[in-house]
Amino acid sequence: LTLACGGVAINSEAELDESILGHAGRVYEQTLGETKYTFVEDVANPFSCTILMKGPNAHTIAQLKDAVRDGLRAVRNTIEDGFLVAGAGAFEVAAAEHLQTYAKTQVSGKAKLGVLAFA
């Protein structure tokens, strides 16, 4: 919290000075279920966050944690490696487009119909 707000950690109140205090635009407490949470928003150095996950049972929460962890790892790997492997059928769409172009320009006769059907 100290780093996110742009403050400096100190060991005693004698070191307390206005220059080491951080900044947060909005701090509020909210009750979710039976638990009270303190939210800190509009901080000076927003490079960290907390993800609040709730579910009906421990198994669902474990699955949520795994999904978030996998997603964050994918983002980290993309940033560190500088490469991205497209998913969600991107390869299949690209392969179909390539096959259609190939069939229209390079193939003739019945073979053309077979390539287009495969694409």
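This is a predicted model: local features need pLDDT of at least 70, side-chain atom pairs count only at pLDDT 80 or more; totals for chains, interfaces and linings use all residues.
Me: With which residue does arginine 76 form a salt bridge (side-chain nitrogen of Lys or Arg within 4 Å of a carboxyl oxygen of Asp or Glu)?

Reply: Side chains of opposite charge can pair when their charged atoms come close. The N to O distance is 3.9 Å, and the partner is glutamate 80.

Me: How many salt bridges does the structure hold?

Reply: Arginine 76 and glutamate 80 make one of them. Another pairs aspartate 66 with arginine 69, and glutamate 41 is likewise bridged to arginine 26. The total for the structure is 3.

Me: How far apart are the closest N and O atoms of aspartate 66 and arginine 69?

Reply: The two residues are 3 apart in helix H2 (residues 58-81), so about one helical turn separates them. Helices are DSSP runs of H or I with at least four residues, strands are runs of E with at least two, and both are numbered from the N terminus. Aspartate 66 is partly exposed at 39% relative accessible area, and arginine 69 is also partly exposed at 39%. Their closest N and O atoms are separated by 2.9 Å.

Me: How many residues apart in sequence are the parts tied together by glutamate 41 and arginine 26?

Reply: The closest N and O atoms of this salt bridge are 3.6 Å apart. Glutamate 41 is partly exposed, with a relative accessible area of 29%, and arginine 26 is partly exposed at 45%. Because glutamate 41 belongs to strand E2 and arginine 26 to strand E1, the pair joins parts whose separation in sequence is 15 residues.

Me: What is the phi of aspartate 42?

Reply: Aspartate 42 is part of strand E2. The residue is exposed, since its relative accessible area is 58%. Although aspartate 42 is not a glycine, its phi is positive, at about 55 degrees.

Me: What distance separates the C-alpha atoms of lysine 112 and leucine 99?

Reply: Lysine 112 is located in helix H4 (residues 110-118). With a relative accessible area of 27%, lysine 112 is partly exposed. Leucine 99 is 13 residues from lysine 112 along the chain, and the distance between their C-alpha atoms is 10.0 Å.

Me: What is the relative accessible area of valine 8?

Reply: Valine 8 sits in the loop that runs between helix H1 (2-5) and strand E1 (24-32). The residue counts as partly exposed because its relative accessible area is 49%.

Definitions and conventions. Residues are numbered from 1 along each chain as its sequence is written. Side-chain values use heavy atoms; hydrogens and water are left out. Buried means under 20% relative accessible area, exposed over 50%, partly exposed in between (1.4 Å probe, protein chains only).
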